[in-house]
Amino acid sequence: MCEENKSCECSNDDVVAITKNCAESWLKRIRNFAGFLGMILPWIALIGATIVSKANPTIIPKDFWYTLSISATYYLTPAMAGILTTASIVLMCYKGYDKKDELVTTISGIFGLMIVLFPCKCSVAEKTVGNIVGFFQLPINISDIIHTAAAVIFFLLLAINSMFLFTLGESNTRQKHIRNFIYKVCGIGMFCTLPLLIIPFNFPAKIFVIEAIALTFFGISWLVKGQIFGLFADK
């Protein structure tokens, strides 16, 4: 009888271990998916805008490419709206290690969705849709203010998540220390991109380049957190 009970206990432990492993594996996939979406967003949006501009060059203002941003491609291709909406939903549904982790990612997902719902003001918008834009059909000036504020908060929260939450954990392995260093570099990188937007130094597609750099930092951070790179994964 005792042996049977002992056998049952072992079976239950095995079930718990398997369930935990499955949950961790699924969580890693979610992180990798979020990181992948962040890294491909600027380039899919750019490709989509390029295709549309070639097919219908009359709708492209002269200054469009010089002032290019990921947000401006919203008016030419659904790539930005589709990818960012998907990434935002992933963030809002993300289940982290604790409530603080979940709260930050959920709020960042909400602000990511706001970036889509409240489009920015740009030259191509005035030429293609007029002065009323977005899901809520707001005046473009009001929508642009909400859009800009949401974008700033979105990147700030992603940077905070990378620097202060991804670095938490009880593991004390060499790989964990390497991962923490990468998280901090990516978080600092995202923080540093924001002041670059207001520095009075312009070059073609300045906003797009800075946004692409910030999203690359985001993508690397989440891919490392998902342990997609075997070199940095715990053995």
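Student: Which residues lie nearest the centre of the largest pocket, and how many residues line it?

Tutor: In this predicted model, E24, L27, R31, Y97 and K225 lie nearest the centre of the largest pocket, which has 28 lining residues. A pocket here is an open set of 1 Å grid points where a 1.4 Å probe fits, with protein on both sides within 12 Å along at least five of seven lines, and lining residues have an atom within 4 Å of a point. Residues are numbered from 1 along each chain, and side-chain values use heavy atoms, without hydrogens or water. Local features need pLDDT of at least 70 and side-chain atom pairs pLDDT 80 or more, while totals for chains, interfaces and linings use all residues.

Student: OK, and which helices supply at least two residues of that lining?

Tutor: Those are α1 (2-55), α2 and α6 (174-198), with helices taken as DSSP runs of H or I of at least four residues, numbered from the N terminus. The largest share of the lining, 7 residues, comes from α1.

Student: How many of the lining residues are nonpolar, polar or charged?

Tutor: The lining of the largest pocket divides into 13 nonpolar, 4 polar and 11 charged residues.

Student: What about the second largest pocket, which residues lie nearest its centre?

Tutor: There the residues nearest the centre are S69, S71, H147, I207 and E211, out of a lining of 29 residues. That lining divides into 19 nonpolar, 7 polar and 3 charged residues.

Student: Which helix gives the most to it?

Tutor: That is α5, with 7 residues, and α2, α5 (140-165), α6 and α7 (206-225) each supply at least two residues of the lining of the second largest pocket.

Student: Changing topic, which residues touch the most other members of the largest nonpolar core?

Tutor: Y75 and F154 do, in a core of 53 residues, where a core is a set of buried (under 20% relative accessible area) Ala, Val, Leu, Ile, Met, Phe, Trp, Tyr and Cys residues joined through side-chain atoms within 4.5 Å. At least two residues of this core come from each of α1, α2, α3 (99-117), α4 (123-128), α5, α6 and α7, and the largest share, 9 residues, comes from α5.

Student: And what does F154 touch?

Tutor: Leaving out residues up to four places away in sequence, F154 touches L84, L91, S108, F111, G112 and I115, where touching means heavy atoms within 4.5 Å. Among these, L84 and L91 are also listed with the buried residues of α2.

Technical notes: Buried < 20%, exposed > 50% of the residue type's maximum accessible area, 1.4 Å probe, protein only. Nonpolar A, V, L, I, M, F, W, Y, C, P; charged D, E, K, R; others polar.
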